[in-house]
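Reader: Please take me through one part of this model in close detail. I would like the helix surface and the charged pairing beside it.

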Amino acid sequence: MMPARRSTTILANLVTWGLVLLISFPLIWMVVTSVRPQTELFQIPPTVIPRAITFEHYIKLLEETPFLRYFMNSMILATSTTIVVIVVGTLGAYSLVRFSYRGRETLAALVLFTYLLPSVVLIIPLYLMMVKLGLANTLTSLVIAYTTFALPYALWLLRSFMAGVPEDLESAALVDGASRMGAFVDVILPQALPGIISTALFTFILAWNEYLYALVMVNSDQARPLTTGVMNMLITSFNIEWSLLMAASVMMSIPLIIIFAFLQSYLTRGFGAGGVKG
Amino acid sequence: MVTVTFDKVRKAFGATVAIPGLDLAIASGEFVSLLGPSGCGKTTTLRMLAGLEQPTAGEIRIGERTVNNLAPSERDIAMVFQSYALYPHMSVRENIAYPLKKRGVPKADRPAMVQAAADLLQLGPLLDRKPRQLSGGQQQRVALGRALVREPKVFLLDEPLSNLDAKLRAHMRAELIELHRRLGKTMVYVTHDQLEAMTMSTRIAVMQGGVLQQFAMPGEIYHRPANTFVAGFIGTPSMTLADGEIAMDQGRPVLKLGTLSLELPSDHLSDRPDGTRRVTVAVRPEDIIIGTGSFRANVRLVEPTGHESIVLVNAGDVGFTVRVAGDTVLKAGETIPLDLRRERIHVFDRETGRRLNADRAAATADSVRSRA
């Protein structure tokens, strides 16, 4: 390798690693703080590597707080929203791509329009509706609320994936003896699977991290998800439980990290889909 | 063995009428090609037969059964698509077995049937591969295998050779002819390639603008085109088409073509024109003779292809396309004698495009194949 080219490579590596460290520093600090003893927390000068490692914050969080209840709520909430959005979104996108009926394009545009509305605009009407339906303060109300803003996006993303599945494949399945639903399940779904998985991931992450709707629509511990639950539990006007907060943050991130680790290739395919999918 | 009938079938997409009214009766065991340029309605016709498009009006019958309201799966047909439409996530074996699975063939019987289809098409070593690991020709054979694995009543083929290279296409043409001979099933084949239609079909349906122009055996279509569209569409290079006039002179029709004047056989036309009739005349490149004759022609261009040359000449203000033997020596700019085989001149009404020949003189031995 030429010396000039080598120095360029080294420089590029240094810059890249510098950026990676910069971006990942808050995450590293979060993990480090969560295992640092309480006494070391506000030590001056601060150290990156703790002198002692303790899991007392995690144990306290799991045993003495309603963290697990919030965690379960978030799990139920994100999973239910994802299932509803994927089932409705997949069938809806299929309909928009394959069937021709009056108002099809208008419908698609209207759906997108709801996505363009700021969330804040929808909160009050949705809250009032939930109260009238007797669903206030329930996980169901949040599932419905999250679906309203996750579905339009999912529908458009899935639509671009469905449009990429050649119509001949479905026609071939129909001629080969499949029913319309059979062709959908046997041929369309496997072909659109990367799109479905990436849409499911987006929806799950969206529901998992959502804060505003959860704050407004739910105010009982029975239905609180992690985002508002942890805030409510550990942050007060007088005190912030930094160690517990960091331990909670680490545990909140774990499901997403696991999902990303296993399905990241699908997710990146999903990112490209909206733009260039043929 | 089963017939296919289109009875006044009409298809419109919104305000656009693709097929205004199609009547077509395909006999049992025939290999019929739907031939025409892009957008002529041939694929729409095939898709209506498959049940993938719903006719706006009229009736489609397979055998005695009206199939208008039957789903594709209930029509007992198989189809090969231009894109092959192999299921990318399934292996070759699963692709071929899919129609069997969907039609409830017992699981135990499927492997033998798949193997039989694979053997017929020499797909044995490829059974565990995915479609993306196959060449175009292999994919085409898998699509055929999927179509014939369960012996349907009618085979539909939508330009199945158009994605293959010339050599493979010639090979697959022969294989398809052989397959039809062996199976004896009714096959409907869509193509825009007249060579495929001429070499493979028992009859050809030539279509243009959604209208059936002629439905006849390949020889008949070539030697007795029903109208100016068929005359111009069939044959490579195309016939020379020129406007002229015919008048009777002492009981014989005389054709005036630009400054050329030719006496035609007395029984050349189906009726005798009163006065002068405005006609369009068509002449095949091989029905023009160079080197003898009373007309003088100027050579514009010579296109040698090896075994023959295509020569463009001007005679009497008319540009003719002539086919000559490859060893004929001609130069652009040269003036040569030229004549037309008068009994082979096709005459059409200039307004309606309808054929006016009596078709006694033009009759030739049809290359009708009977593969049954």
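Author: What follows is a close look at helix H3 and helix H8 of chain A. This is a predicted model, in which local features need pLDDT of at least 70, side-chain atom pairs count only at pLDDT 80 or more, and totals for chains, interfaces and linings use all residues. Residues are numbered from 1 along each chain as its sequence is written, chains are lettered from A and ligands numbered from 1 in the order in which they are written, and side-chain values use heavy atoms, with hydrogens and water left out.

Start at the surface. A nonpolar patch there is formed by A:Ile83, A:Val84, A:Val87, A:Val88, A:Leu91, A:Met181 and A:Val185. Together they have about 570 Å² of accessible area (Shrake-Rupley method, 1.4 Å probe; for residues, only the protein chains shown count as cover). Patch residues have over 30% relative accessible area and no salt bridge; like charges are joined within 9 Å, nonpolar side chains (Val, Leu, Ile, Met, Phe, Trp, Tyr) within 5 Å. Two or more residues each come from H3 (67-98) and H8 (180-209). H3(A) gives the largest share, five residues. Helices are DSSP runs (H or I, at least four residues), numbered from the N terminus.

A:Val88 sits in H3 and is partly exposed at 41%. A:Thr90, also in H3, is buried at 5%. Buried means under 20% relative accessible area, exposed over 50%, partly exposed in between (1.4 Å probe, protein chains only). Beyond four places in sequence, A:Thr90 has contacts including A:Leu158, A:Phe184 and A:Ile196 (heavy atoms within 4.5 Å).

Now the charged pair. A:Glu170 and A:Arg180 form a salt bridge, with closest N and O atoms 2.8 Å apart (a side-chain nitrogen of Lys or Arg within 4 Å of a carboxyl oxygen of Asp or Glu). A:Glu170 lies in H7 (residues 167-175) and A:Arg180 in H8, so the pair ties together parts ten residues apart in sequence. A:Glu170 is buried at 1%; A:Arg180 is partly exposed at 40%.
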